[in-house]
Amino acid sequence: ARGLRTGGAASLHEQRLQTLVDTASASYVLVDIMGRATFASTAIRQLMGYELHEVIGLDMFTLSTLTT
């Protein structure tokens, strides 16, 4: 799965949100209550040089220290 879900079919709402965020020029990362990335836009590749599957699940501290 690309961003919003880690398995199963995404809802139509989630697919629309994914498309909207992926076409934006800004990079977005959503985190859960524990501070782990649960969603990242595809712009993260240009900003950080990492693929989505490498970012999902990382904590905010780790995300803030990643370099390309």
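Of the 68 residues in the protein chain, 25% come out as buried, where buried means under 20% relative accessible area, exposed means over 50%, and partly exposed covers what lies in between (1.4 Å probe, protein chains only). The model is a predicted one, so local features need a pLDDT of at least 70 and side-chain atom pairs count only at pLDDT 80 or more, while totals for chains, interfaces and linings use all residues. Residues are numbered from 1 along each chain as its sequence is written, and side-chain values use heavy atoms, with hydrogens and water left out.

On confidence, the protein chain averages a pLDDT of 79, and 82% of the residues score at least 70; pLDDT is the predictor's confidence in each residue, from 0 to 100.

As for the fold, the protein chain has four helices and two strands, laid out from the N terminus as α-β-β-α-α-α. Helices (H or I, at least four residues) and strands (E, at least two) are DSSP runs, numbered from the N terminus. Of the contacts between residues at least 6 apart in sequence, 16% join residues at least 24 apart, a contact being heavy atoms within 4.5 Å.

Strand 1 and strand 2 (residues 37–40) run antiparallel and are joined by three bridges; strands pair if DSSP finds at least two bridges between them. V29 has A40 of strand 2 as its bridge partner. Five residues lie between the strands, and in this hairpin G35 takes a positive phi near 85°.

The structure holds one salt bridge, that is, a side-chain nitrogen of Lys or Arg within 4 Å of a carboxyl oxygen of Asp or Glu. Here the side chains of R36 and D32 meet, at 3.2 Å from N to O. R36 counts as partly exposed because its relative accessibility is 37%, and D32 lands in that class at 25%.

G57 is found in the loop between helix 3 and helix 4 and is partly exposed, with a relative accessible area of 40%. Leaving out residues up to four places away in sequence, G57 touches R36 and A37. G57 and D32 are 25 residues apart in sequence, yet their C-alpha atoms are 9.4 Å apart in space.

S27 belongs to the loop between helix 1 (12–23) and strand 1 (29–31). With 28% relative accessibility, S27 counts as partly exposed. Setting aside neighbours within four places in sequence, S27 is in contact with S41, A43, I44 and L47. Q46 lies 19 residues from S27 in sequence and 8.6 Å away in space, C-alpha to C-alpha.

V29, V31 and M60 form a nonpolar surface patch with about 210 Å² of accessible area together. Patches are made of residues with over 30% relative accessible area and no salt bridge, with like charges joined within 9 Å and nonpolar side chains (Val, Leu, Ile, Met, Phe, Trp, Tyr) within 5 Å. M60 is part of helix 4 (residues 60–65) and counts as partly exposed at 41% relative accessibility.

Definitions and conventions. Accessible areas come from the Shrake-Rupley method with a 1.4 Å probe; for residues, only the protein chains shown count as cover.
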